[in-house]
Amino acid sequence: MRVWSSEHVFGHPWDTVIKAAMRKYPNPMNPSVVGVDVLERSVDSRGRLHSHRLLSTEWGLPGLVRAILGTSRTLTYIREHSIVDPVGKKMELCSTNITLTNWVSVSERLVYTPHPEDPGRTVLTQEAVITVKGISLGSYLESLMANTISSNAKKMGKEILQIYLPNITKPLTQQ
Amino acid sequence: MNSVGEACADMKREYDQCFSRWFAEKFLKADCSGDPCTDLFKRYQQGVQKAIKEKEIPIEGLEFMGHGKEKPE
């Protein structure tokens, strides 16, 4: 099992970052997400928005890894539950894979909150738990996936939202 | 961005645009007035539900027609 976590600060207020985060796919830095669908959406009695989404991803696993796994499938599905509290200013996302569960479990949690000392900034804390089950080279595969998640997160933190943040007031023309 | 159901890409786009507008202009400003996207979501969901069944994607425990309903926490 491998646990990875990080923290990033955006130089924008929480509302702005959340609007960008809700629209972060597609993005050229994380081409593995090839489809996003909303399965359910509702507002709870506390005024928080719950969204359940299905993400279609192409892992882009190297050929050697696919050979080890004995699979030619590369399209996997992830289920994501997010909660946005507009009054408490907190957005939390939890996601986990729902296919390939016989050999891997990847769970991620992201939390966006205003910076405690500066309301003009936003803190993102992110953690992932990766477990590869029951095959040789499990540790190697866990490292590979952790590195991918870490690399994507760094790009997400530093570049993706920076791409979207200046454009956040423009209308959606294609998503 | 694609949908899991290729046939519902247009409905998805319409719904996403409606949602993004409502989210930024109403919800984040704690405006509790009605959700204008319910009908769009229902139509989009029909396509998604069909695609999920066809592709046998293992989704459990969701009511596919749920949108905007108040739920317990």
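The model is predicted, and local features need pLDDT of at least 70, side-chain atom pairs count only at pLDDT 80 or more, while totals for chains, interfaces and linings use all residues. Residues are numbered from 1 along each chain as its sequence is written, chains are lettered from A and ligands numbered from 1 in the order in which they are written, and side-chain values use heavy atoms, with hydrogens and water left out.

Biologist: How many bridges join strand 3 of chain A to strand 4 of chain A?
Modeller: Two strands pair if DSSP finds at least two bridges between them. Strand 3 (residues 49-58) of chain A also pairs with strand 2 (residues 33-44) of chain A, antiparallel over nine bridges, and Asp37(A) stands opposite Leu54(A) there. Towards strand 4 of chain A, Ser51(A) stands opposite Ser82(A). Strands 3 and 4 of chain A run antiparallel, and the number of bridges joining them is 10.

Biologist: How many residues of strand 3 of chain A are buried?
Modeller: Buried means under 20% relative accessible area, exposed over 50%, partly exposed in between (1.4 Å probe, protein chains only). Strand 3 of chain A is largely enclosed by the rest of the structure, because the buried residues number nine of the 10.

Biologist: How many residues apart in sequence are the parts tied together by Phe10(A) and Tyr112(A)?
Modeller: Rings of Phe, Tyr and Trp (its six-membered ring) pair if their centres lie within 6.5 Å; planes under 30 degrees apart count as stacked, over 60 as edge-to-face and the rest as tilted. Nine aromatic pairs are found over all chains. Phe10(A) and Tyr112(A) are stacked, at 6.4 Å centre to centre and 25° between the planes. Phe10(A) lies in strand 1 (residues 2-10) of chain A and Tyr112(A) in strand 6 (residues 104-115) of chain A, so the distance in sequence is 102 residues.

Biologist: Which cysteines form a disulfide?
Modeller: A disulfide is a pair of cysteine sulfur atoms within 2.5 Å, and the structure holds one over all chains. One partner lies in helix 1 (residues 9-25) of chain B and the other in the loop between helix 1 and helix 2 (38-55) of chain B, 19 residues apart. Cys8(B) is in no disulfide; its nearest cysteine sulfur is 16 Å away. The sulfur atoms of the linked pair are 2.2 Å apart, and the pair is Cys18(B) and Cys37(B).

Biologist: Is Ala30(B) buried or partly exposed?
Modeller: Ala30(B) lies in the loop between helix 1 and helix 2 of chain B. Phi of Ala30(B) is near 55°, a positive value in a residue other than glycine. Its relative accessibility is 45%, so Ala30(B) counts as partly exposed.

Technical notes: Helix = DSSP H or I, 4+ residues; strand = E, 2+ residues; numbered from the N terminus.
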